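Dear colleague,

Please find the structure below. My notes on what was found in it follow.

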Amino acid sequence: MEAPRALRLLLGLILIGLVLFPLVGERFYIQYATKIMIMAIFAMSLDLLVGYTGLVSLGHALYYGIAGYALAMVGGDAAVSLWWSLPGAMLVSALAALVVGALVLRTTGIYFIMVTLAFAQMMYFFIRDSNDFGGSDGKYLDAKPTLSLLGWTPLDLGNPLHRYYLTLALALATYVLLRTVLRSAFGRVLIGIRDNEPRMRSLGFPTFRYKLACFVLAGALAGLAGYLTVVQDGIMNPEQLGWHRSGEALVMVILGGMGTLAGPALGAGALMLLELVFSIWTKYWQLLLGGFIIAVVLFLPGGLGSLFARRRDGGAGHG
Amino acid sequence: MAELALRTEGLSRSFGGLAAVSGVTLECRSGSVHAVIGPNGAGKTTLINMLSGDLAPSAGRNELFGEDVTGLPPERVSQRGVGRSYQKTNIFLGFSAFENCRLAAQSRLPSSMRLFRRVERYHQVNAAAARALAAAGLGDRGDVPAAALSHGEQRQLEIAMTLATAPRVLLLDEPLAGMGAEESGRMVALIRALKDRHAILLVEHDMDAVFAVADVLTVMVNGAVLASGRPSEIRANREVQQAYLGGEDAHG
Ligand SMILES: Nc1ncnc2c1ncn2[C@@H]1O[C@H](COP(=O)(O)OP(=O)(O)OP(=O)(O)O)[C@@H](O)[C@H]1O
Ligand SMILES: [Mg+2]
């Protein structure tokens, strides 16, 4: 099930463009592109749940935000090494996903949407109202994590250009990782669960276990995006794990095309670029953006990615 | 006598006030076909659902190879060697015929929690999938998307997926429904061939097929067993003739 040639060509062109972009881009745009790539990681992690496993989570920002807070808490005053703080933050997200997943995956459909949302909102209010996390102002990261190898420092994360390339490399790694996972025995099981979970069970698959593993993996990758957000912005605030963030990621997934992996990454880019363009153009930019989203959903039900690809992975299987 | 594979005792299930299955006791031995027949709504599918774990019984007991499996979830029942096919075709339309069987065969790996190795690389899984496809008569249709198969071929794929899980007990819910004469003939031959190494519980409306392959017959009406015995005994049974075989014929 290879991505169609047109889509692969487009992805290759975008990749080349992203590698070369800093040669011409101004500082503001380099930073903005970094944020887009971070959201692309977040959207791809959500696509694993929504598009490939049929688990519509409206609380995915919980795992994004919690990793961000983990970094801001340990690295608030003195710079910490990326080598342990990144895996550590992702582990915090993974553990949160394991605990929440073990509970919410016992529900399905609309109830699943509701309880994922409820858990994220609980954490949002807890962090906002507790005294330990900087309240509604958020928690600052004063010193960027350091990245050194045996005394050599390949990247200085205080430098926007270096952050840009680190984010690009990690976005690419996320894509390759998820592509690989989706082509594995595990990935086939996820698609089977999405298309027809009762049949998977009668074929002998203990589906709960696979859904939980998927939930944890998606949570850890959302954590990667949250970590990078704090590295980029230097601050984490409660809004980052509220339902707005979760909803935004869901819009990116749907806009780009669920269950296509590359689509949601495109969706992140399209949404954020249009937001930029429209907001420069008019103060009613949200009206335009909303109209655009509605138009895509109505006229391109497969999402923007379907302009280049015929169908999502595993086909239109609704058995 | 051959090994006792499946045994139920007083198996019952009601939906609200409706007793869909009540007090069904039956046995199925390896190397034989036990056919369950009965008019529409008799409770045959509900019975199979309880045997496969898809539905928990409201009362009664269900044993597999001498062990109590009452109320076990379907994945556990499947792992104990029970394969079932569905009356209403239940395949993955987005996958090719081969991929459907490969997914089914994959369920016999010790675990599918393998995230990095490409799924095509499991040679034993591929071989099991190919064998199951060929056995069901779809050997040369592996690459065709399941959604593009004819209705009869989708029914064959349904059986192929069941076989790909290497079951010892087969629960077949109307495998001939919607098949043409030629396909039906092939399916009857397949069931006969499978009989040697499986215990088969067959629900089927096609009486010619049933009498051609069954070793034991159970007739259900309104959720209860009306009669059970060898085909010749059932054919001669007055009650059965009145309730089912005689008069108006079964559909299908
Ligand atoms: N999930 C359910 N909820 C409520 N009633 C059900 C359910 N499943 C089956 N029934 C009812 O139980 C009875 C037995 O149904 P079942 O499907 O087992 O019959 P069947 O013998 O397989 O019929 P057919 O030959 O038409 O396939 C029917 O009256 C049916 O309407
Ligand atoms: Mg039925």
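Which polar backbone atom lies 2.9 Å from an oxygen atom of ligand 1? That atom belongs to B:Gly43. The pair is a polar contact, that is, N or O atoms within 3.5 Å; within protein, one must be able to donate a hydrogen and the other to accept it, and residues adjacent in sequence count only if both atoms are side-chain atoms.

Some conventions before the rest. This is a predicted model, in which local features need pLDDT of at least 70 and side-chain atom pairs count only at pLDDT 80 or more, while totals for chains, interfaces and linings use all residues. Residues are numbered from 1 along each chain as its sequence is written, chains are lettered from A and ligands numbered from 1 in the order in which they are written, and side-chain values use heavy atoms, with hydrogens and water left out.

Ligand 1

Two side chains also make polar contacts with oxygen atoms of ligand 1: B:Gln87 through a polar atom at 2.8 Å, and B:Asn40 through an N or O atom at 2.9 Å. Of the 630 Å² of accessible area that ligand 1 has on its own, the protein covers 61% (Shrake-Rupley method, 1.4 Å probe; for residues, only the protein chains shown count as cover). The shell holds 13 residues, each with a heavy atom within 4 Å of the ligand. B:Gly41, B:Lys44, B:Thr45, B:Thr46 and B:Gln87 are the closest. By class, 7 residues of the shell are polar, 4 nonpolar and 2 charged (nonpolar: Ala, Val, Leu, Ile, Met, Phe, Trp, Tyr, Cys and Pro; charged: Asp, Glu, Lys and Arg; polar: the others, Gly among them). α1(B) gives the most to this shell, with 3 residues (helices are DSSP runs of H or I, at least four residues, and strands runs of E, at least two, numbered from the N terminus).

Domains and chains

An automatic or database assignment divides chain B into domain 1 (1-81 + 168-252) and domain 2 (88-166). Their contact (heavy atoms within 4.5 Å) takes 16 residues from domain 1 and 15 residues from domain 2. The two domains of chain B bury about 1,100 Å² between them, this being the accessible area (1.4 Å probe) lost on putting the parts together, summed over both.

Between chain B and chain A, about 2,700 Å² is buried, 62% of it on carbon and sulfur atoms. On the chain B side, B:Glu75, B:Phe92 and B:Leu115 lose the most area to chain A, together 21% of what that side buries.

Regards
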